[in-house]
Amino acid sequence: MTLQTTSTLPTRDLTERIATEVHADKAALLSGDHAGAIRELLERRGVLVFPQIGFTDAEQIAFTETLGTLAPERDGEAVYDVTLDTNVNKQADYLKGSFYWHLDGTMNQVPILASLLSSRVLPADGGGDTEFCNTYAAYDDLSEDDKDQIASLRAMHSAWNSLLYYDPEPDFATLRQMMAIGERELPVVWTHRSGRKSLILGCTASNIVGMDYAQSTKTLVRLRDWATQPQFVYRHRWSVGDLVMWDNTGTMHRALPYDPNSGRMLRRTKLAGEEPFA
């Protein structure tokens with residue numbers, strides 16, 4: 001698609017409904033001069049790609065802080081190693097849930113606003129692309145009948161439900177550990193402060209409250225299939241140095257399979273949430 005300019009920020013839409021490439025040099029991004037335009041574009045387009053920008057950890061942290069409040073990781077670190085190498089990330093098995101459509105933070109009252117992921121090492125034999133879907137656009141395109149039918153639905157979400165996707169017969173200790181994280185009841189349709197609406201779905205969703213289990217499963221799968229149709233999806237094929245940022249409140253994402261021994265390494269920072277589920 002054609003290169004455009006948003007304010008003073010050169011951009012190029014990658015698909016019609018989701019994802020925009022941002023062309024700005026590192027110094028301009030780190031200055032914070034584009035922060036307002038980037039925030040506005042992120043909410044509108046869901047995913048922003050900064051091709052081969054080559055941020056160091058310190059630069060990625062600094063850039064994240066120009067956009068809002070940096071959210072620390074579980075152990076307080078600013079940057080998280082996204083890798084299946086257990087020598088680097090002792091909790092790498094938990095990342096196996098990232099191979100299935102999800103949004104982050106369904107166990108939190110206020111989910112993170114956005115994630116920023118930069119690539120450092122990629123599999124030599126390919127694999128490990130990341131897909132994103134625009135759940136704002138997916139909601140907008142539902143029929144009015146569908147919108148009416150799901151308007152008041154609520155679903156239970158839990159980390160242990162995502163565990164069963166990649167480990168359908170976990171040992172009891174693992175299951176108990178994941179269950180200790182808890183579960184949360186969330187609306188299927190999130191009405192944002194802006195007035196826009198998005199869908200809350202994904203592998204953490206186990207069942208719709210008060211609905212027959214079979215019908216609940218059919219409803220959740222049908223909506224997930226709807227939201228992940230090609231017109232709502234962007235697939236990012238990584239190059240070393242890319243930074244990809246996504247709106248966690250209006251998209252879902254998943255990693256595509258890759259060899260756990262490939263050395264694939266991405267580095268993540270997060271923006272703290274600013275709006276509770278509603």
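**Close-up views of side-chain contacts and pockets**

View A. Glu185 is partly exposed, at 35% relative accessible area (buried means under 20%, exposed over 50% and partly exposed in between, with a 1.4 Å probe and protein chains only). The model is predicted, so local features need pLDDT of at least 70 and side-chain atom pairs pLDDT 80 or more, while totals for chains, interfaces and linings use all residues. Residues are numbered from 1 along each chain as its sequence is written, and side-chain values use heavy atoms, leaving out hydrogens and water. Glu185 forms a salt bridge with Arg154, with 2.7 Å between the closest N and O atoms (a salt bridge is a side-chain nitrogen of Lys or Arg within 4 Å of a carboxyl oxygen of Asp or Glu). Arg154 lies in strand β8 (residues 154-158) and Glu185 in strand β9 (residues 183-187), so the pair ties together parts that are 31 residues apart in sequence. Helices (H or I, at least four residues) and strands (E, at least two) are DSSP runs numbered from the N terminus. Arg154 is also partly exposed, at 34% relative accessibility.

**View B. The salt bridge of Lys26 and Glu59.** The closest N and O atoms of Lys26 and Glu59 are 3.1 Å apart. Lys26 sits in helix α1 (residues 26-31) and Glu59 in helix α3 (residues 57-67), so that distant parts of the chain, 33 residues apart, are linked. Lys26 has a relative accessible area of 24% and is partly exposed. A search of the whole structure finds 19 salt bridges.

**View C. The salt bridge of Arg267 and Asp81.** The N to O distance between these two side chains is 2.0 Å. Arg267 belongs to strand β16 (residues 265-271) and Asp81 to strand β5 (residues 80-82), 186 residues apart. Arg267 is buried, with a relative accessible area of 14%.

**View D. The aromatic pair of Phe50 and Phe63.** The structure holds seven aromatic pairs (rings of Phe, Tyr and Trp, the last by its six-membered ring, pair if their centres lie within 6.5 Å; planes under 30 degrees apart count as stacked, over 60 as edge-to-face and the rest as tilted). Phe50 and Phe63 are edge-to-face, at 5.5 Å centre to centre and 75° between the planes. Phe50 is in strand β4 (residues 47-50) and Phe63 in helix α3, so the pair ties together parts 13 residues apart in sequence. Phe50, at 1% relative accessibility, is buried, and Phe63, at 0%, is buried. Phe50, Phe55 and Phe63 form one aromatic cluster.

**View E. Arg196 over Tyr136.** Arg196 lies over the face of Tyr136, 3.7 Å from the ring centre (a charge sits over a ring if NZ of Lys or CZ of Arg is within 6 Å of the ring centre and within 35 degrees of the ring normal).

**View F. The largest pocket.** Its volume is about 1100 Å³. On a 1 Å grid over the protein atoms alone, a pocket is an open set of points where a 1.4 Å probe fits, with protein on both sides within 12 Å along at least five of seven lines; lining residues have an atom within 4 Å of a point. A volume is the space filled by probe spheres set on the points, which are joined across faces, edges and corners. The largest pocket is lined by 47 residues, of which Arg74, Tyr94, Leu95, Asp104 and Arg268 lie nearest its centre.
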